[in-house]
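Below are some notes for a reader who is new to this structure.

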Amino acid sequence: MILNNNNISIASINCNGLLTHTKNQLIRHLRAQQAHIITLQETHTTNINKEQQLHTTFCATQSFWTPHCGIVALSADIQLTQLTLYNDDRYILVRVEHTKNDFQPFFLLTLYAPATSPKHRQLFYSNLYNSPIFHLNQPYRQRLIITGDFNYSYQRVNYHRNAPSEWFHMLTNDFINCINPDHDEDILPTFRRGDHIMSTIDYIFASTPSMTCIKKREVSFLASSWTDHALLYTTFDLGPTTTGKGYWRGNPLILDYHDFRRTLALQLTHFFDHLDNNQTPQQQWELLKGKIKKVMQKYSRDRINKTTQYLTRLQSKRNKFL
């Protein structure tokens, strides 16, 4: 699927397992929805062979799997990078980038919360909230889409015992419910049991204000033989190409300057001498990129200032001869 005008469509569904024969029909239906990314919960994948089988069946460009979750990319225009910030197979976090840098990267988190015990859900959400994903000094929270089967109703106050209050307040204040953004409209159910029991336990949230330009949102129930959960579908407008002010790239020509290489070497030596070994490799990588960026920016500003001063002196000398 090709991205048009930087509109990206994300579908999410609890598939109740993907490895039975009838689920091939579900996969064909999901592909027909023309989503660029599909997030899945309750996947029941247990080994690399089954993951490769699903990757092939989806005709995916990329896919990531745990026994509980899956993220499938169906567009060659996007590149996903999995980020493992703490150990739990009930979530998958990826960084989403355009292969030609046509939109600012964002992060996509899908989760499948424990289904049987409020106590286990409380612990799951507490660990998730306190993970680096939601630390304010990390880059993930500012441009983040959350999808998944929460296994509790976010809108029902008496159900908040399933998650810590900090989790609820963060979703309320820093994210928008992409399926029910208007508090005055009827809440759309996403789960059914038989003909009479329906509830809302599946969600797509996006951080505000950077990820809230929603062009399309749909909730649709599928054949009951496939799953008892609804398919959630949202299209985001990621805005114009990220060029100009606010978009920074290091100029590789700067590496030709001996004094810059010496400055960078000193700064990197200091960086690695004081690196916190308790941080994950992903956290260390993000800090390293930030450090290199600051060194390059400072050197470039200083060099421009020196060049400007030198040209001013030359102009002054020239004027004296005229």
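1. Accessible areas here come from the Shrake-Rupley method with a 1.4 Å probe, and for residues only the protein chains shown count as cover. On that basis the protein has an accessible surface of about 17,400 Å², and 52% of this belongs to carbon and sulfur atoms.

2. This is a predicted model, in which local features need pLDDT of at least 70, side-chain atom pairs count only at pLDDT 80 or more, and totals for chains, interfaces and linings use all residues. Residues are numbered from 1 along each chain as its sequence is written, and side-chain values use heavy atoms, with hydrogens and water left out.

3. The C-alpha trace spans about 95 × 45 × 40 Å along its principal axes. Of the 322 residues, 44% are buried (under 20% relative accessible area, 1.4 Å probe, protein chains only).

4. The protein has 6 helices and 14 strands (DSSP runs, of H or I with at least four residues for helices and of E with at least two for strands, numbered from the N terminus).

5. Strand β9 runs antiparallel to β12 (residues 202-207), joined to it by 3 bridges. Asn-177 has Phe-205 in β12 as its bridge partner.

Key:
Two strands pair if DSSP finds at least two bridges between them. Buried means under 20% relative accessible area, exposed over 50%, partly exposed in between (1.4 Å probe, protein chains only).
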